[in-house]
Amino acid sequence: MNNIKDKNIAFLVANGFEEVELSKPIEALQEAGANIKIVSTEKDNVKAWDKTDWGKDYPVDVHIDNAQADDFDAIVLPGGQLNPDFLRVNEKAVNFVKAFAQQNKLIAAICHGPWTLIEADLVSGKRMTSYPSIQTDLKNAGAQWVDEEVVEDQGIITSRKPDDIPAFNKAIIEAFEQVTA
């Protein structure tokens, strides 16, 4: 787990991200030694969605206007329905995600998070998973959708839902271990 120590990981969110899809991966990655920054389209705080209602506010570390992929080793895209829908129509957010792919940096997305990857034109020809309701969107964008807890293909890790978070976290940590092995 030393290979994730001191890695800088961006979590890109807008209001309405599924709370556990941010809080649990942050907890696991920090425990493994990573530095985490919440990057957002919101200025000071960003509001979570907690299953059926609004959740907590989280402080924003970097506004999207000031975010540079050069400053990070990886990006994580939590899901929830509202969050990726806001992100995929924000040109700066989409370009931020594209920059990670251009720099061959790790990208991880869970639940509805792959919607932003579709907008960034990063899914064609890739094997991926997601929340089942967006599988048609991924297929229409050229992805090979599979119903598995976690899938890694060409530097992109995808996962289906909150129940898959332990496998999602493990895949992110292991990806760093493989890169530096």
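This is a predicted model: local features need pLDDT of at least 70, side-chain atom pairs count only at pLDDT 80 or more; totals for chains, interfaces and linings use all residues.
I will start with the helix α3, residues 91-102.

Which residues of α3 are buried? They are Ala93, Val94, Phe96, Val97, Ala99 and Phe100. Look at the spacing of those numbers with this in mind: an α-helix has 3.6 residues a turn, so residues three or four places apart point the same way. As for what lies over the buried residues of α3, the cover includes the strands β1, β3, β7 and β8 and the helices α2 and α4.

The largest one has 31 residues, and the members that touch the most others are Leu12, Val39, Ile75, Phe96, Val97, Phe100 and Leu117. At least two residues each come from β1, β7, α3, β8 and α4. The biggest giver is α3, with six residues.

Setting aside neighbours within four places in sequence, Phe96 is in contact with Ala10, Leu12, Val39, Ile64, Ala67, Gln68, Ala69, Phe72 and Ile75. Apart from this core lies another one, of 30 residues, and among them are Val13, Leu22, Val46 and Ala108.

Let me stay with Ala108 for a moment. Ala108 sits in strand β8. Is Ala108 buried or exposed? Its relative accessible area is 0%, and because buried means under 20%, Ala108 is buried. Beyond the neighbours within four places, Ala108 is in contact with Ile75, Val76 and Leu77, and also with Ile157, Phe168 and Ile172. Asp73 is 35 residues from Ala108 along the chain, and the C-alpha atoms of the two are separated by 12 Å.

Next, a residue in a loop. Thr41 is in the loop between β3, residues 35-40, and β4, residues 45-50. Leu12 and Thr41 are 29 residues apart in sequence, and in space their C-alpha atoms are 8.3 Å apart. Not counting residues up to four places away, Thr41 touches Val13, Ala14, His63, Ile64, Leu87, Asn90 and Ala93.

Now to charge. How many salt bridges does a search of the whole structure find? The search finds eight. I will go through three of them.

In one, Arg88 pairs with Asp85 at 2.8 Å, N to O. Both partners are partly exposed, Arg88 with a relative accessible area of 24% and Asp85 with 36%.

In another, Asp50 pairs with Lys51 at 3.6 Å. Here Asp50 is partly exposed at 32%, while Lys51 is exposed at 64%.

Glu174 is partly exposed, with a relative accessibility of 32%. There is also a network, in which salt bridges with shared partners join Asp147, Arg160 and Asp164.

Finally, there is a charged residue without such a partner. Lys126 lies in the loop between α4, residues 114-119, and β9, residues 127-128. Lys126 is buried but has no salt bridge. How far away is the nearest side chain of opposite charge? That side chain belongs to Asp153, and the distance is 6.8 Å. A salt bridge needs the two atoms within 4 Å.

What the side chain of Lys126 does reach is the backbone oxygen of Leu122, at 3.2 Å. Leaving out residues up to four places away in sequence, Lys126 touches Gly142, Ala143, Gln144, Asp153, Gln154 and Ile156. Asp153 is therefore in that list of touching residues, with no salt bridge to Lys126, because a salt bridge is defined by a side-chain nitrogen and a carboxyl oxygen within 4 Å.

How values were computed. Residues are numbered from 1 along each chain as its sequence is written. Side-chain values use heavy atoms; hydrogens and water are left out. Buried means under 20% relative accessible area, exposed over 50%, partly exposed in between (1.4 Å probe, protein chains only). Helices (H or I, at least four residues) and strands (E, at least two) are DSSP runs, numbered from the N terminus. Lys and Arg count as positive and Asp and Glu as negative; His and the chain ends are not counted. A polar contact is a pair of N or O atoms within 3.5 Å; within protein, one must be able to donate a hydrogen and the other to accept it, and residues adjacent in sequence count only if both atoms are side-chain atoms. Contact means heavy atoms within 4.5 Å. A nonpolar core is a set of buried Ala, Val, Leu, Ile, Met, Phe, Trp, Tyr and Cys residues joined through side-chain atoms within 4.5 Å.
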